[in-house]
Amino acid sequence: MITKIELKNIVPYVDGLTIDNLHKINYIYGANASGKTTLSHFLEQASDENYKDCTIEWKNGIKVETNVYNRYFRENNFGKSSIPGVFTLGQATKEEKENVDKKIEELEEIKKSGIQKNRSKEELQKNIDETVYEFRENVWKTIFKKYENVFSSAFDGYKASKENFRNKVCYEYAKNQSDVKHIDDLKARADVIFRKSPVVYDKIQPIEYVEIIDVENNDIWSKKIIGKSDVEISKLINRLNISDWVHEGVKHIEKDSQVCPFCQKHTIDEEFRKQIEDFFDDTFVSDTRIVKDLSNKYFQSTNSAILLFETIETKEKQNHETKLNIELFSSNLKTLKALFLSNIELIGAKVKEPSRSIELKCSKELLDTLSNLINFANKDIENHNNLVLNLRKEKEQLKQEIWKYLIEENKGIIQAFVKKENGLQKGIANLEKQRQDLLIKYKSLDSEIKELNKNVTSVQPSVDEINKLLESYGFTNFKIVPTKTDANQYQIQRNNGENAQATLSEGEATFITLLYFLQLIKGGVSPEKVNEKRIVVIDDPISSLDSNVLFVVSSLIKEIIKDIRVGNGNIQQIIVLTHNVYFHKEISNMYMIKDHAEEMNPHYWILRKKNDKTNIIYYEQDNPIKSSYELLWRELRECHTNKNLSCITIQNVMRRILETYFKTLGGYKDDDILNRFEEQQEKEICRSLIYWINDGSHCIPDDLFIEQENDMIEKYMNVFKLIFERLGHRNHYNMMMKIN
């Protein structure tokens, strides 16, 4: 059953609208364009993207199929050449029906049992929540508040949340195996250990520099790299000491060209080319390649080392607790950078002039010094961290011992809570298992019922019922029949056999659509859906109908409402929306006297639209759509109940009631009423009442008029009641005055 509807961000409910306290029978009145059809369409198509901000709340969280009658229903079902048939149990044998009904009853009992299990589970959960709340408040007061200034550090991480503190108490109760210490010992140690303590520092990353030393010590730097000496041209090159110059010039000799890059004359021949190639042999090429490779390696490794050293320098200068001798470190780093720069310049010269012999400065001493400074600092950091870790260990041990003491001191309330919570949790687990077992049983029985329905259901009973209603209410020129191609499909047919779908009047189409819908909610478009529970929403079913048909439709809908009230059938809830006051009055006038079971009584709402926005007014069980006659009785009841009796008002009310009921409807005259009183005294009192109410209603009081006292009004109220008794209409009086 639907208990609550929320509409938002959809025209005309832009600002939001909530319909709460929905019961089994609900009437919603609203003028045209107030949003009734939007509401009904949402209930049918709640998953539509247009309604993403709208919600439906279900009783016990159980969603039920919703059948909606509105203009969309007619368009979707009667805009086609055929209509889906409605399956019912109409043609089943008595034994088959009884078998299905019996299993449906079993299914309902399982469902009720499952709902009850779920409610019991919710009650247990509520009990757990209350127990947890009480325990949480208790330990917060008796443990945290009592010791927060004494053992504050022991509560770190649990001070901001009562729930976290409760969980910590339960955890320590279950897990803490520490020895129980005396409170004085714990306080004394806490005073020392919980003071502000140093933190653990990260060690400085050592720098690898073996590669730098290896490059600096390589013999290639002192080696003069020149060409082969046994080549004829080598004598001239060596004598002039121009090996590097020639080597550089050879790079500019163009292939297949005889032009000398030096003199720019045609002096290059094959013999000269061969001697040059022989002079700069493989050994020369290999040595120059080694020089270049070592040059690149040295440049990269020294740059990397300097970057790492500078990073350490910057970080430690910002660290006020640094263990590094930063002044000595910076001084040696500055010298190292100058040394590397000098070596790089020498190496660059060697690359350009391979025949040159160079001697690189060794950086090992400076690198060792920097490395040792880092190692010394790391040693101090390690010693510091060991002290911190030991202190941390002692602190953690003290915390454990404090918690153990607190647990032992409050063991009674903790044990009671844990025992109660565990018992309730076991109860919930047991109920959940029972609920799951019922769910399995429910699904199995539901499948069995659906299978039985396939064998005992048919669309023909629905055809017969619709045609019977059409004929009984004067629609004799068409009927509904199964199609020739599919017995499970309907079509509307004239008496001459023609398809009447396209030639029906607006009223005829509306009426037969409604009849089809009323059959649909009793059965289903497939055998499996025949016995499904459902909710019915009816939106303005009397549109385009004649006034006499209004009473027919009202009668059909009232039969559905009666079944809901007594629990017959599979319809659990109905919501009727209408803009027609007469239709509203007709379907709701069966509830002048309310049922003792509140959920069986109808509830009333009115939709009101203002400035393109719709709101809703809830009238509970008080029908806001009343006749003037009812309003007269309501005013009389209120005056009599509240003793707030105005002479002028009550005289007019009494006169109009008597005129409407006895004179206009009953045809009585004043003398007819007076003659029903046999005793002369009673007749005079009645005559006095008639004169009194006519005088108060038709005469203008002068300045000498004195308002009657309350006791006089009470006297005439009794005579008013006596008139209904003497004329045999005491039941009507009781009904209108709400007297049981």
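Colleague: Which side-chain oxygen reaches to the backbone nitrogen of Glu163 at the start of α4?

Modeller: That of Ser161, to within 3.3 Å. A polar contact is a pair of N or O atoms within 3.5 Å; within protein, one must be able to donate a hydrogen and the other to accept it, and residues adjacent in sequence count only if both atoms are side-chain atoms. Remember that this is a predicted model: local features need pLDDT of at least 70, side-chain atom pairs count only at pLDDT 80 or more, and totals for chains, interfaces and linings use all residues. Residues are numbered from 1 along each chain as its sequence is written, and side-chain values use heavy atoms, with hydrogens and water left out.

Colleague: Which residues of α4 are buried?

Modeller: Buried means under 20% relative accessible area, exposed over 50%, partly exposed in between (1.4 Å probe, protein chains only). In α4 the buried residues are Phe165, Arg166, Lys168, Val169, Cys170 and Glu172.

Colleague: In what order do the strands of the open sheet run?

Modeller: Strands pair if DSSP finds at least two bridges between them. The order here is β2-β1-β4, three strands with antiparallel pairing. β2 (17–19) and β4 (55–58) each have a single partner strand, so one side of each lacks a neighbour in the sheet. Four bridges join β1 (residues 2–7) to β4. In β4, Thr55 is the bridge partner of Glu6.

Colleague: Do β5 and β9 run parallel or antiparallel?

Modeller: Parallel, with five bridges between β5 and β9 (residues 534–539). Val68 has Val537 in β9 as its bridge partner. Strand β5 (residues 65–69) is mostly covered, with four of its five residues buried.

Colleague: How many aromatic pairs does the whole structure hold?

Modeller: Rings of Phe, Tyr and Trp (its six-membered ring) pair if their centres lie within 6.5 Å; planes under 30 degrees apart count as stacked, over 60 as edge-to-face and the rest as tilted. The search finds 28. Take Tyr69 and Phe73: centres 5.8 Å apart, planes at 50°, so the pair is tilted. Both residues, Tyr69 and Phe73, are buried.

Terms used
Helix = DSSP H or I, 4+ residues; strand = E, 2+ residues; numbered from the N terminus.
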